[in-house]
Amino acid sequence: MGESEGEQEQGGKPTLGERFKSLTERNLALVVVLYVSSAVTAVSTFITAYVTGGHWYQQHFDWQAGEYAKLAKLHAGYTLDKFTEQLGRPSIQIAINKTSLGNLTQSTFQPRGEYWVDAVTDPHNRVVAYAVTSCNSDFNPSFTYWDDQHNRNTTVSLNKTGFSSAFSSIRDAGTVKANYSGSMGPKYYFAIKPWNAYSINRSYAWGVTNLCPWRAIKPTHRSDAWLNWFNRQVQRFNTGGYALTVAGKKLDKMGRDLMSEYAVNTYAETAPTVDFNVYPEQIGANPMLIPPNLSKLPWNGPP
């Protein structure tokens, strides 16, 4: 009598699963190796997911702290290599005017879409002046300088510190530099503190530039007030050029009122014994040199 189909399966070769079970039952070391391998794989997968997730979170939700740390390591007087180490390669690099320091180069960085860093270097690759401009109201890097007008350290936080506080540091010794052209042209307004022994021979500047949006604190004037004020001051001081430079102590009430309406979006400093005339036009990154796809120039400035 022939065997049934079920009997043939039971009496045939053991399955792969049965052979593996028999092998592991006889070899404890193999069981341990397989267990450890599985555990290591699970832990490795978890760590990879944790690191990847943490990097993604930092890039999208907690990125400010990392960028603040980069900027805290930079100062005028350092080499350009130090800047590229922290910020990457510059987006724009051009030769600018000759000065007593030699032929200068302007390098503009955009480490993230939220801010710009601009550096002017001498022939020895030393950064003789640099500026940081914030384009995001949530990006508020802080910079500290010695304010000899009040005999204390003062901190400037971009998109937080009111422009009027910058004026208080330059009203007795310092200047205001401004330009307010047509809708597509440059708009900037800087308070400039010249170097002296108290500042360890560094010059400082704070202001607003239409490279990035202006954050209003308490606006009371329409945007055309800026243009009207600028035109009146050009006539008053007979500058003979496009930019306006006014001694801080000669700035009129309207100029001070306009300054009080916005927070600064730019901070700049120079290396010792250098002043801001190393910049051929405005301090910091020049919006007119930045491709339109990177800059929102037509929409920035006072509303």
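Visitor: Two strands pair if DSSP finds at least two bridges between them; how many bridges join β1 to β2?
Guide: Six bridges join β1 to β2, and the two strands run antiparallel. Within that pairing, Ile 92 stands opposite Thr 108 in β2.

Visitor: What sort of model is this?
Guide: It is a predicted model, in which local features need pLDDT of at least 70 and side-chain atom pairs count only at pLDDT 80 or more, while totals for chains, interfaces and linings use all residues. Residues are numbered from 1 along each chain as its sequence is written, and side-chain values use heavy atoms, with hydrogens and water left out.

Visitor: How many helices and strands does the protein have?
Guide: The secondary structure comprises eight helices and eleven strands. Helices (H or I, at least four residues) and strands (E, at least two) are DSSP runs, numbered from the N terminus.

Visitor: Back to β1. What joins it to β2?
Guide: A hairpin makes that link, through two residues. A hairpin through two residues also joins β2 to β3. Strands β2 and β3 run antiparallel, and six bridges join them.

Visitor: What holds paired strands together in general?
Guide: Strands of a sheet pair through backbone hydrogen bonds, in either a parallel or an antiparallel sense.

Visitor: Changing topic: which residues of helix α5 are buried?
Guide: In α5 (residues 80–87) the buried residues are Leu 80, Phe 83, Gln 86 and Leu 87. Buried means under 20% relative accessible area, exposed over 50% and partly exposed in between (1.4 Å probe, protein chains only). Down the axis of α5, these buried residues fall within an arc of 125°, so they line one face of the helix. The arc is that of the directions from the helix axis to the C-beta atoms.

Visitor: Which residues are exposed on the other side of α5?
Guide: Asp 81 and Glu 85 are exposed there.

Visitor: What do the buried residues of α5 pack against?
Guide: They pack against helix α4 and against strands β1, β2, β3 and β4. Just after α5, Gly 88 takes a positive phi of about 90°.

Visitor: You mentioned α4. Which of its residues are buried?
Guide: Gln 64, Glu 67 and Leu 71 are the buried residues of α4 (residues 64–72). Viewed along the axis of α4, they fall within an arc of 70°, so they line one face of the helix. The elements that cover them include β2 (102–112), β3 (115–121) and β4.

Visitor: Why do residues three or four places apart in a helix point the same way?
Guide: An α-helix has 3.6 residues a turn, so residues at that spacing point the same way.

Visitor: Now Phe 143. Where is it placed, and is it buried or exposed?
Guide: Phe 143 is in strand β5 (residues 142–147). Phe 143 counts as buried because its relative accessibility is 7%.

Visitor: What is Phe 143 in contact with, beyond its sequence neighbours?
Guide: Leaving aside neighbours within four places in sequence, Phe 143 is in contact with Tyr 130, Val 132, Thr 154, Thr 155, Val 156, Leu 158 and Tyr 267. Contact means heavy atoms within 4.5 Å.

Visitor: Thr 155 is on that list. How far apart are Phe 143 and Thr 155, in sequence and in space?
Guide: Twelve residues separate them in sequence, and their C-alpha atoms are 5.4 Å apart in space.

Visitor: Finally, what are the figures for the protein as a whole?
Guide: Of the 303 residues in the protein, 41% are buried. Among contacts between residues at least 6 apart in sequence, 61% join residues at least 24 apart.

Definitions and conventions: Pairing = 2+ DSSP bridges.
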